[in-house]
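Please look at the sequence and the structure below before reading on.

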Amino acid sequence: MTDEESGQRPPDTPTEEQAGRMFAAMNEVIRAGEEMRKLRAEMIQALVRAGWTQEKIARLTEMSQPAVSKQVAKYRKGDPPPSTTLSLDQHDTPWLEGRLWGLAEEISETLRDTAHCTRCVNALARGRKRFTPRTVDELRRLVEEDLRLHRARLPAGYRAAYDTISRGLDLPAKATTTTASASARRALAHRIQRDRLRDGS
């Protein structure tokens with residue numbers, strides 16, 4: 001900021017650094033919102049192809065049925081049938097990352113304030129962090145630490161799930177024939193992993 005700009009700024013306005021931080025935080029929220037809208041559209045397509053009615057999807061998404069119909073019509077032409085399966089035993093990287101994310105959220109909720117992975121989980125959920133190899137490695141280390149330090153408080157199934165996920169991530173990624181994006185597959189795996197852990201399976 002030049003001396004002239006500084007002299008023209010009213011005394012109670014934020015500094016350039018403060019304004020930069022505020023806009024950066026706003027941009028994170030906006031970016032996360034845009035990504036969630038895209039993901040929601042993909043999930044609607046996947047559920048329609050799986051035989052769900054538009055009425056049911058509208059109720060669950062809290063969208064109007066015309067809005068759901070518009071989403072469906074937008075992608076219907078030339079769209080190949082899906083090959084999405086809900087089995088946890090899938091080995092592509094986005095699916096395994098989604099499983100790791102779901103496991104970390106369950107650990108965070110179980111351990112509450114004592115979980116080492118909580119901050120990373122919250123950052124991923126709010127879009128402040130993205131799924132990159134570095135972020136995934138960080139989350140793996142934190143989850144492993146929580147499993148080691150809190151073995152008595154966590155169900156044995158948590159460790160078993162982590163071992164399977166970790167082995168999968170250490171192997172070269174296998175291709176998947178599904179038309180769903182990486183974000184959609186992460187979201188599906190995340191939800192299914194959490195449900196299976198809660199069911200004890």
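In which kind of crossing, left-handed or right-handed, does H5 pass H8?

## Helices H5 and H8

In this predicted model, the crossing in which H5 passes H8 is left-handed. The axes of these two helices lie 10 Å apart, and the helices pack at an angle of about 150 degrees. Because angles over 145 degrees count as roughly antiparallel, H5 and H8 are described as roughly antiparallel to each other.

On the side of H5, the residues that take part are Thr 93, Leu 96, Glu 97, Arg 99, Leu 100, Leu 103, Glu 106, Ile 107 and Thr 110, and they meet Tyr 158, Ala 161, Tyr 162, Thr 164, Ile 165, Gly 168 and Leu 169 in H8.

## Helices H7 and H8

Helix H8, which spans residues 156–170, also packs with helix H7, which spans residues 133–149, and here the angle is about 150 degrees while the axes are 11 Å apart. H7 and H8 are therefore roughly antiparallel to each other, and H7 passes H8 in a left-handed crossing.

The residues of H7 that meet H8 are Val 136, Arg 140, Val 143, Glu 144, Leu 147 and Arg 148, and their partners in H8 are Tyr 158, Arg 159, Tyr 162, Ser 166, Leu 169 and Asp 170. In the contact of H7 with H8, six residues are nonpolar, one is polar and five are charged.

## Helices H5 and H6

Helix H5, made of residues 93–111, also packs with helix H6, made of residues 118–125, and their axes come within 9 Å and cross at roughly 125 degrees. That angle makes H5 oblique to H6, and the crossing in which H5 passes H6 is left-handed.

Trp 101, Ala 104, Glu 105 and Ser 108 of H5 make this contact together with Thr 118, Val 121, Leu 124 and Ala 125 of H6. The residues of the contact of H5 with H6 divide into five that are nonpolar, two that are polar and one that is charged.

## Aromatic rings

When the whole structure is searched for aromatic pairs, one such pair is found.

Note on methods: Residues numbered from 1 in each chain as written. Predicted model: local features only at pLDDT ≥ 70, side-chain atom pairs only at ≥ 80, totals over all residues. Heavy atoms only, no water. Axes fitted to C-alpha atoms, helices over the stretch in contact; angles between N-to-C directions. Helix = DSSP H or I, 4+ residues; strand = E, 2+ residues; numbered from the N terminus. Parallel < 35°, antiparallel > 145°, perpendicular 65-115°, else oblique. Left-handed = near helix turned anticlockwise from the far one by under 90°. Contact = heavy atoms within 4.5 Å. Nonpolar A, V, L, I, M, F, W, Y, C, P; charged D, E, K, R; others polar. Phe/Tyr/Trp six-rings, centres within 6.5 Å; stacked < 30°, edge-to-face > 60°.
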